[in-house]
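Reader: Got a model open here. Can you walk me through it, quick answers please?
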Amino acid sequence: MAPSSRPAGKRLPISCQACRTRKIRCSRDGRPCQTCVRRGLGAEDCVYLGQPRLSSENSSTADTTVHAELLARIRNLEDMLQRQVSSYSGGPNSPLASPGSLTGSFSDLDSPTGPGFTSYPRSSMVNSVGTLQTFASGDSLPDINSEVPDDDDDVCLPLAGNAATREELLALLPPSRYCDALKDVYFRVFSPISLLFIILAIAVTALHDDDPLLSDLGRERTVSRNVKALSSRYRSAALRCLSADGILSRHSINSLQSLILINYARLHRGLPTWTLLGLTHHVATSMGCHIDPERFALGPIEREERRRAWAGLKMLYTTHNNLYGSSSPGLTTMSTKLPLDVNDVDLLTGTAPETATPRPTQMTYLLLQYRLHDVSSMICESLFSFPPRYTAAQLEAEILSVHKTCEKRYQLEQGSEPLPVHHLANLNILYSYIHQLLLLLFRPALCRYLQGEITNETCAARAKCLASAKTSLSIHQTLHESPQFASYKWYNSNQGSFHAFHAAVILCVMLMYPENQYEAADIKENLWKSLDVFASLSNRSNFCSKAVPVLRLIM
């Protein structure tokens with residue numbers, strides 16, 4: 001018997017060395033095995049013990065065979081594509097179809113069997129389809145860098161005469177699978193996924209009641225429970241992403257923005273945020289956001305990002321101080337300026353105007369909210385301190401100043417150009433906040449009037465409270481009934497309903513002591529309308545579902 005080339009009793013492994021090294025399952029179906037094929041390895045790398053390695057000649061022969069097969073398949077595909085174009089356009093020399101005839105979804109463009117292929121066979125790209133060029137082994141390939149555009153080619157803004165259509169722009173995108181891969185790279189390298197998750201958590205609260213996304217994403221029985229479950233899921237994912245990023249030791253403007261939005265989302269859902277808000281404050285301070293960014297060597301966009309984040313954090317702190325009745329001054333700043341009243345595109349292009357534009361910008365709403373938060377802090381400080389630091393007349397003048405600024409910035413004069421829906425919604429929210437502050441300011445004088453102290457001051461306070469309460473309920477009803485404000489139920493079913501409930505309770509108290517029967521009938525009509533709105537919003541808001549029986553009992 002011939003001597004064995006291996007020690008007796010030792011079995012050769014039946015998996016290839018590449019799979020054994022990676023400790024993965026080997027398909028054991030030849031050289032190369034299917035596992036190595038999926039990993040991009042060739043036959044020369046897929047080696048079984050006891051079998052010789054493939055020589056360079058064998059591998060070269062195998063590669064040549066594979067290349068020949070690929071070339072044949074590519075030529076076949078080219079012929080099929082040319083025949084398809086000829087049959088679609090009426091002949092090989094006829095003009096190609098316009099990109100405007102594209103139908104079907106973007107995902108269909110990547111599928112040869114989808115409707116995008118049959119109705120529009122990518123004719124905008126067929127002109128560049130030529131013949132496959134092959135090069136002999138060892139010849140150098142042509143210089144491809146000569147056809148690569150310079151880095152500054154993308155700064156050319158399209159003029160009105162040569163503006164591209166939507167279909168032409170979509171045709172420039174890579175296939176959907178590559179878009180997904182590039183998107184993953186973006187979120188991995190440039191932007192934390194936490195920001196994406198918290199944006200999703202806020203976005204689901206703005207979905208309509210009958211939006212199929214709610215039923216597809218959530219599995220709860222009611223709309224309110226679906227919104228609650230989805231927003232909670234995405235908020236939790238955002239916090240886990242921040243934890244994975246090491247938020248306690250590594251900070252960035254994106255992680256700070258995520259924390260601020262998480263606090264904002266929890267506050268609108270009525271959830272406790274004091275501890276998380278403290279963490280957000282410390283992260284912002286460690287980044288130096290409490291110092292005006294002009295002291296640092298930062299660009300205009302970085303400066304505005306820091307100022308906006310600090311302004312948003314201060315408003316959150318002011319809200320919490322008012323909820324807890326605290327008269328503390330809030331966050332300590334070192335001459336930090338407010339954000340500019342400009343649009344984002346002005347910052348990107350470097351064309352931010354030095355003075356305020358006549359029309360509202362993307363920052364007008366936030367800046368006016370910031371002023372109203374300051375006034376609310378002054379009102380609470382006056383209510384919970386003795387003697388009060390500010391008089392009612394001073395605070396009323398501050399509120400009316402903001403109201404006048406709203407009318408000026410949003411151009412409510414007759415004959416002015418109509419505002420976009422989001423500006424109209426923001427204006428209604430600002431007005432609701434203004435009347436809420438007026439009710440808070442004049443409520444002590446109203447209580448004195450109801451207790452029998454009839455003076456000019458208390459009578460004026462009663463009239464102002466009555467007007468503000470009726471206006472607040474009217475805004476609440478408009479945001480609920482108008483179809484253009486359907487996406488703002490996230491506000492109307494939470495903070496907007498809180499303001500409306502406060503106004504309704506004040507009207508109920510006034511109904512006990514009406515000046516005449518006409519005023520009593522008007523108050524009752526307003527209350528019944530508001531009760532219908534609260535009942536309609538009960539399927540989305542726990543607050544509204546609790547407010548309905550209370551209002552019915554009072555009325």
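Reader: What share of the contacts between residues at least 6 apart in sequence join residues at least 24 apart?
Author: In the protein chain, 62% of them do. Keep in mind that this is a predicted model.

Reader: How many helices and strands?
Author: The chain has 22 helices and zero strands.

Reader: And how much of the chain is buried?
Author: Of its 555 residues, 35% count as buried. The chain exposes about 33300 Å², with carbon and sulfur atoms supplying 56% of that.

Reader: Let's do helix packing. How do α15 and α17 sit against each other?
Author: Their axes are 11 Å apart, at an angle of about 10 degrees. Angles under 35 degrees count as roughly parallel, so α15 and α17 are roughly parallel to each other.

Reader: Which residues meet there?
Author: From α15, they include Leu368, Leu372, Val375 and Ile379. From α17, Ile429, Leu430, Tyr433 and Leu437 are among them.

Reader: Switching to charges. How many salt bridges?
Author: The structure holds 17.

Reader: What does Arg540 pair with?
Author: Asp209, with the closest N and O atoms 2.7 Å apart. Arg540 is in the loop between α21 and α22, and Asp209 is in the loop between α8 and α9, so the bridge ties together parts 331 residues apart in sequence.

Reader: Is Arg540 buried or exposed?
Author: Buried, at 7% relative accessible area. Asp209 is partly exposed, at 25%.

Reader: Where do Glu304 and Arg307 lie?
Author: Both are in helix α13, three residues apart, about one turn of the helix. Glu304 is buried at 3% relative accessible area, and Arg307 is buried at 5%.

Reader: What about Arg409 and Asp341?
Author: Their side chains meet in a salt bridge too, 2.7 Å from N to O. Arg409 is in helix α16 and Asp341 is in the loop between α13 and α14, 68 residues apart. Both residues are buried.

Reader: Which residues do shared partners join into one network?
Author: Asp292, Glu294, Glu304, Arg307 and Lys337, through salt bridges.

Reader: Last one. Which residues form the nonpolar surface patch with Leu70?
Author: Val66 and Ile74. Together the three have about 220 Å² of accessible area. Leu70 is in helix α3, and counts as partly exposed at 41% relative accessibility.

Key:
Residues are numbered from 1 along each chain as its sequence is written. This is a predicted model: local features need pLDDT of at least 70, side-chain atom pairs count only at pLDDT 80 or more; totals for chains, interfaces and linings use all residues. Side-chain values use heavy atoms; hydrogens and water are left out. Patches are made of residues with over 30% relative accessible area and no salt bridge: like charges are joined within 9 Å, nonpolar side chains (Val, Leu, Ile, Met, Phe, Trp, Tyr) within 5 Å. Accessible areas come from the Shrake-Rupley method with a 1.4 Å probe; for residues, only the protein chains shown count as cover. A salt bridge is a side-chain nitrogen of Lys or Arg within 4 Å of a carboxyl oxygen of Asp or Glu. Helices (H or I, at least four residues) and strands (E, at least two) are DSSP runs, numbered from the N terminus. Buried means under 20% relative accessible area, exposed over 50%, partly exposed in between (1.4 Å probe, protein chains only). Axes are lines fitted to C-alpha atoms, for helices over the stretch in contact, and angles run from 0 to 180 degrees between N-to-C directions. Angles under 35 degrees count as roughly parallel, over 145 as roughly antiparallel, 65 to 115 as roughly perpendicular and the rest as oblique. Contact means heavy atoms within 4.5 Å.
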